[in-house]
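I opened my notebook to look up a few things in one structure. Here is what I had on the screen.

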Amino acid sequence: MNLVDYSSSLWSVVPALIALLLAIATRRVLISLSLGIIVGALMLAGGNVLDAVLYLKNSVVSLLYKGGEEGFNSNNINIILFLVLLGILTSLLSVSGANQAFANWAQEKVKGRRGAKLMAACLVFVTFIDDYFHSLAVGAIARPVTDKFKVSRAKLAYILDSTAAPMCVLMPISSWGAYIITLIAGLLATHSIAGYTPLGAFVTMSAMNFYAIFSILMVFFVAYFSFDIGSMARFEHNAMSQEEKSSEQRSSSEAGVRDLVLPILALIIGTVTMMLKTGGDALAESGNPFTILGAFENTTVGISLVTGGVASIIVLTLCLLMRRHISVGDYTKAYGSGVKMMSGAILILFFAWTINGVVSDMQTGKYLSSLVAGNISPAFLPAILFVLASAMAFSTGTSWGTFGIMLPIGAAMAMHSDPNLIIPCLSAVMAGAVCGDHCSPVSDTTILSSTGAQCNHMDHVLSQLPYALLVAVASVVGYLVVGFTESGLLGFITAGITMLVLIMLFKAKNVE
C-alpha cells in the first residue's frame, strides 16, 4: 500500500506527540502507545480503516518476521529471548537465596545507603559493553542491596538509566561506540576530511559530549549527596519509611555469594566473548584482519546477549546442583516466574517498537531536521543540533536512529557553514540523542532500566526527567559557548559551572 507522505508537514509529529503526552498525563503506557499507533496508522493510510488494519498487521508481523530473504527479525527475537533468560536468572537467584546472600554480604561491606547507591553506579565501569546488558544485569546485581538499605526503586532505575547510555556512548569499545565510529568513518570520507581518523574523531567528540559526561557525574553527585528533586524526593522518603522490601524471595540459608557472582561473571564473559566472535566472523567474511575495535564494530549484539544469558543460567544451575538445596519443583517454578516477571516489559517493548516504526514511516525525523534549514548563524549550530537531536530521540525513542539521521545532517550543516565546527556539531548530536532517549517513555533503554530495577515505568520516567533536563540546560549553555569560541574546554567549563549553579538553586529551593 502507498503511505501518505508527511515528511514536510507538522502532522508528522502527531502520533508520537499523542503517545508521549498521554503516557505522561495518564501513566498508562500501553494505552497511550496504542492510541499513538492507531492514529499514526490511520494517518498513513489516508483515513482508510482497512488499509490501516493491513498496515498494522504488517508492522507487527515484521517485528518478528520480515519475510523474503531477510526471514526472521533475529535482532528483536534475540532481545526478547535475552529478557526471558534474564527473568529466569533473576527468579532462580531469588528462589535459591543467592540474592539475599549477596545482600547480607553487601550489608557488611557496603556502608549505608550512600554506599549501596555508589556501588550500583560504579558497576557501569564493568558493564559498559552494551546499554541493555548494563540495565538488566546491574539491576539484578544491585537491587537486593539497594532494597536492603531502603533505596527507592525509582532511584535505582535512575542510576541504571543515567549511566547506561552515557557510558556506552563515550566508550569506543562498546556496541554504541562501534556503531558511531562506523558512521563517522563514512562522514569523514564523504566530506574528504583528512585531519582525523574515525577513532580519533570519536575520542575528540566524546570529550565534548557534555550531556553524557555530566549525566554520569550527576549520578555520582546524587548518589553521594542524596540530591533528590521532584518526585524522586517523594519516592526516597517513602522507601525510607517502609519496612525492608520482601519482593526478593528468601530461601535456603545455604546459598552463598558465589551463587550470584559466578552466574553474573558467566553472563559478562559469555556476552563479551560472543560479541568478539560474531564481530570476528564478520571481519573474516569481508576479508579484513581481526581487531578488537573492528570486532565490536561488526558484532551481533542480540545473539551475544542470548549466549551470555544461557551461560549464566547453566552456571547457576551447576551451582545449585552442587549445593543441592533447592527442589526440582522450586527450580522449574522459577522458570515460569521469570517469564511472567518479564512479560510486562516485553509487551511494552513490542508497543514501543511498533510506534517507532510508525514514527519512521511518518518521517518525523526528516521533518524535524528540516526545521534547522535556513539562515542560521554557525555559532548557534551546536546548541540547535543538540536541541533538535533531543527532540528527535524523544519522539522516536531511539538514540541509534537519531545518530543515523542527524549525524550526516550535522556534518553537512557544519561543512557548509563553518568546517571548524564539525566536531562540536557531531558531539552535540550524540549528546542530544542520549538526552532525548533518557526523557522518552518509549525508549528501549528507559523501559529496560525500569525492568532492571523492577520499578513502575512512568515513576522512573517522571523521576528521572528533572535530572535529565538540568543536565540538558547546562549542555545547551556549553554548546553555545563552543559555537561562539570554538573551544571545547571553555564549553566544558561553562557547562560544569552552569550545572553547579542549577544544583545550588534547586538545593536552596528544597531548603525553603
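How many salt bridges does the count come to by this rule? I took a salt bridge as a side-chain nitrogen of Lys or Arg within 4 Å of a carboxyl oxygen of Asp or Glu. The count comes to 5.

**Ground rules.** This is a predicted model, where local features need pLDDT of at least 70 and side-chain atom pairs count only at pLDDT 80 or more, while totals for chains, interfaces and linings use all residues. Residues are numbered from 1 along each chain as its sequence is written, and side-chain values use heavy atoms, with hydrogens and water left out.

Entry 1: I looked up Arg-113 to begin. Its side chain meets that of Glu-236 in a salt bridge, 2.7 Å from N to O. The two sit in distant parts of the chain, 123 residues apart: Arg-113 in helix 6 (residues 112–122) and Glu-236 in helix 12 (residues 231–241). Helices here are DSSP runs of H or I, at least four residues long, numbered from the N terminus.

Glu-236 also forms a salt bridge with Lys-155, at 3.3 Å from N to O. This pair links distant parts too, since Lys-155 lies in helix 8 (residues 153–170), 81 residues from Glu-236. I then listed the network: Arg-113, Lys-155, Asp-228 and Glu-236 are linked by salt bridges.

Are Arg-113 and Glu-236 buried or exposed? Both are buried; buried means under 20% relative accessible area, exposed over 50%, and partly exposed in between (1.4 Å probe, protein chains only). Lys-155 is buried as well.

**Entry 2: another pair.** Asp-147 forms a salt bridge with Arg-153, with the closest N and O atoms 2.6 Å apart. Why does Asp-147 count as buried? Because its relative accessibility is 3%. Arg-153 is buried at 12%.

**Entry 3: the core.** The largest nonpolar core has 155 residues. Such a core is a set of buried Ala, Val, Leu, Ile, Met, Phe, Trp, Tyr and Cys residues joined through side-chain atoms within 4.5 Å. Val-169, Tyr-211 and Met-218 have the most contacts inside it. I followed Met-218. Leaving out residues up to four places away in sequence, its contacts (heavy atoms within 4.5 Å) include Tyr-158, Phe-227 and Ile-503. In soluble globular proteins, nonpolar side chains tend to be buried together.

**Entry 4: the surface.** Which helix holds Val-501? Val-501 is in helix 23 (residues 488–511). Val-501 is partly exposed, because its relative accessible area is 41%.
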